[in-house]
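I set out to record how the chains are divided and where their parts touch. My entries follow in the order in which I looked things up.

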Amino acid sequence: MIATSTRSKRRLLGVSACAAALTLLTAACGGTGGGSGSGSAAPSSFSFMSATENTVDRAVLTSMSKNECAAENKALPLSVQTQPQSNLNEKVQLLAGQGALPTMFHEDTPTTVVQLAKSGKVANLEPLLQKLGVEDQLLPSAASTVKLLYNGQLDALPAEYNIEGIFYNKQIFAAHGLTVPTTWDQLVTDAGKLQAAGVQPFSASGQQGWPITRLIGDYIFRDLGPDAMQDVADGKAKLTDPAYVAAAQQVADLGAKGYFGKGVGSIDYNTALNTFLTGKAAMLYMGSWALSNIGDPKQDTVGAGNIGFMPFPAVTGGKGSTDQYPSNIGLGIVVSAQNAANGEVDDWLSCIAKNYGTDSLKQQNTISGFKVNGSVPASNAVTSQVQTTMNTATSSVLWFEALFSAQATTISQQDAAPLVSGSMSAQQFMSAVQNANSGS
Amino acid sequence: MHRVLGDRRAIVILLGPALLVYSLIMLVPMFWSVGYSFTKGNTIQGFTWDGFANFSHLWSDPNAHQALWFTLKYAVAVTVGQVLMGYLLALLYVFFLKRASALIRTLVFFPMVLPTVAVGLLFKALFQIAPQYGPVNQLLVDVGLHPVDWFSGTGTAFVVLIIMDIWRSMGFYAVLLYAGLVDIPDDLLESARLDGASGLRLVRHIVLPLSFPVLMSSLIFSINGTLKVFDSIVALTNGGPGSGTTPLTLLMFNTAFDYGNYGYGSAIAFLLTVVCLLVTLVIFRVTRRDLTKG
């Protein structure tokens, strides 16, 4: 009797220990909750996962939640979480796999968004906005850029709408007798004059890589025409074709001549911006999002009035033209499909569409892909110039990596610094990116 | 106690839960990962069977070859540096500083407790060339040499990585080896001295053989840690310039989580596991020799 009791006690102990271990494991492996959760249950909040570096979008949404969208916020409170951009793509993939995507989120890799759309995890916003009667609140050019980026589908809200070009220091140009260059050859000649005079011609972040690869992409568009990168995506051309390699060579030559300054590979985004805004470099290739920095006297000691904006110059004999501005939507805001059918979420989206454009420009000096309802005077001449350019631009092109895979994008941006510092040839650079893009 | 440990059911009850947790947390994901290496796809698209395609890609992928070569090069350089510097420091503590070594031991150990990211930022600043010269480049300029863009070349970036990781961990190995050295009986050392052994001869014939087991543990500990290096490289170079300082771990991480190719990422992880296993076996094999026999 005693033996039986001891045996059953032991068995009970063993079972309890196993149960405790399993409970611990279940607790450890379980999600942390929050957000919209998985399944089709109604969301408890209007969750937005923002890239940490992008302070504008969440600031505008937070402001709207207290003002224009206060009623929507009361019904479904806005909750913002941040994620460093370097891990954003990983996080989105992970959450998508768990069926735990937030209601809205930034995503920086277009191929991931296309995959998410194909698997029905993100909403096609065109029919949704039409249903809500707010489709006219999107700028047609911004909507067209989104579609170019996401396989012809409106898979993201253009919270930013940027055109890119070269910001230049008017005082430095005037002091050295330079006018705005209209061709690439003139730009290179002017850079040479500045370098000879002891002025750093370009400020660029090699650590980020994209400010350098943008130059390669733009040269390709100007030389080979606006479809040049689509041809690569469609397999009609390769980056290792001589004309494409020539573009990388042109940019590598700028680096070889020292036009990006010392240690370009170590320069981060803020340092590059700061170098230009404090007058230590004559030119900066950047998007219109930099207007918020240019309009800030604490950052911009040169003064917004002394900064001009020019399009990427033409390549002599090239098929592209300077009015084809490289454009982008910054970090697109993607809407999770599982929440898009919810009435309270739809109310929020409707409110965003109607008010985002105005709020973004008024409060953050940032131009979005939404219409500005009402008049908001431009804060400075260069902002006004960029706005006019955006309104009058007839066509646009994307950027170098826009249609690349995530791997090719990473390879391109991490190899940009070795390209301009001379440790990688133009041929090697383009081969590495082409191989990564074709998955070999 | 003997009765308890002699009872099979007691052993199962005592070890079962821990073994279950270990199996579910460690072993299951390992086998799961091996399973993934035969698939293609990701968490968005789902996974499909792909046979040995990932392993055949691994065989021909120049990026994987470069990462493997870098991993081995880095592991050998840092392991030799860490253990050698640690051993020299341990000798310094035991034979020269003796009881006064506590402060030095603490100071040299200190970098080990600093967050890796902080150490990475510190070394970035030390060796930077822009926007201002870091102390190293300033020193080079002051003595009439040209400043060096340390992070623009694979070779120079590798040198900075090695210096940083040896500096960071030599204090840890010094403490580990110190524990082994203080265990050597004083009377043995004394008798060796009476027999005329001193300096290098004492170290070569008495100290080294007697501290050999702990030296081997340090070596295996170090090589396995350095083969799996990740955080310090991400913090200092992020695998750059280009992919010049990308080890297998970082390639695996990027492939699986950034490029969304879990199958190939798992194949790289499998390769890393095999490398760690082989290196450990080789060390065991090589070190079977008894050093006391000359």
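I began with chain B of this predicted model, which is divided into domain 1 (1-27) and domain 2 (37-293). I noted that the C-alpha centres of domain 1 of chain B and domain 2 of chain B are 35 Å apart.

I then turned to chain A, where each of the two domains is made of two segments: domain 1 takes 46-161 and 329-372, and domain 2 takes 164-327 and 398-437. In the contact, domain 1 of chain A is represented by 14 residues and domain 2 of chain A by 11 residues. I looked up the elements on the domain 1 side of chain A: helix 5 (110-118) and helix 7 (140-149) each supply at least two residues there. By class, I recorded four nonpolar, nine polar and one charged residues on that side of domain 1 of chain A.

Next I examined the contact between the chains. How many residues of chain A are in contact with chain B? I found 38 residues of chain A in contact with 29 residues of chain B. On the chain A side, two or more residues come from each of helix 1 (2-29), helix 4 (88-98), helix 5, helix 13 (269-277) and helix 18 (406-421). I noted helix 1 of chain A as the source of the largest share, nine residues. My last entry concerns class: the side of chain A that touches chain B has 15 nonpolar, 18 polar and five charged residues.

Terms used:
Residues numbered from 1 in each chain as written. Chains lettered and ligands numbered in written order. Predicted model: local features only at pLDDT ≥ 70, side-chain atom pairs only at ≥ 80, totals over all residues. Domains from an automatic or database assignment. Contact = placed C-beta atoms within 7 Å. Helix = DSSP H or I, 4+ residues; strand = E, 2+ residues; numbered from the N terminus. Nonpolar A, V, L, I, M, F, W, Y, C, P; charged D, E, K, R; others polar.
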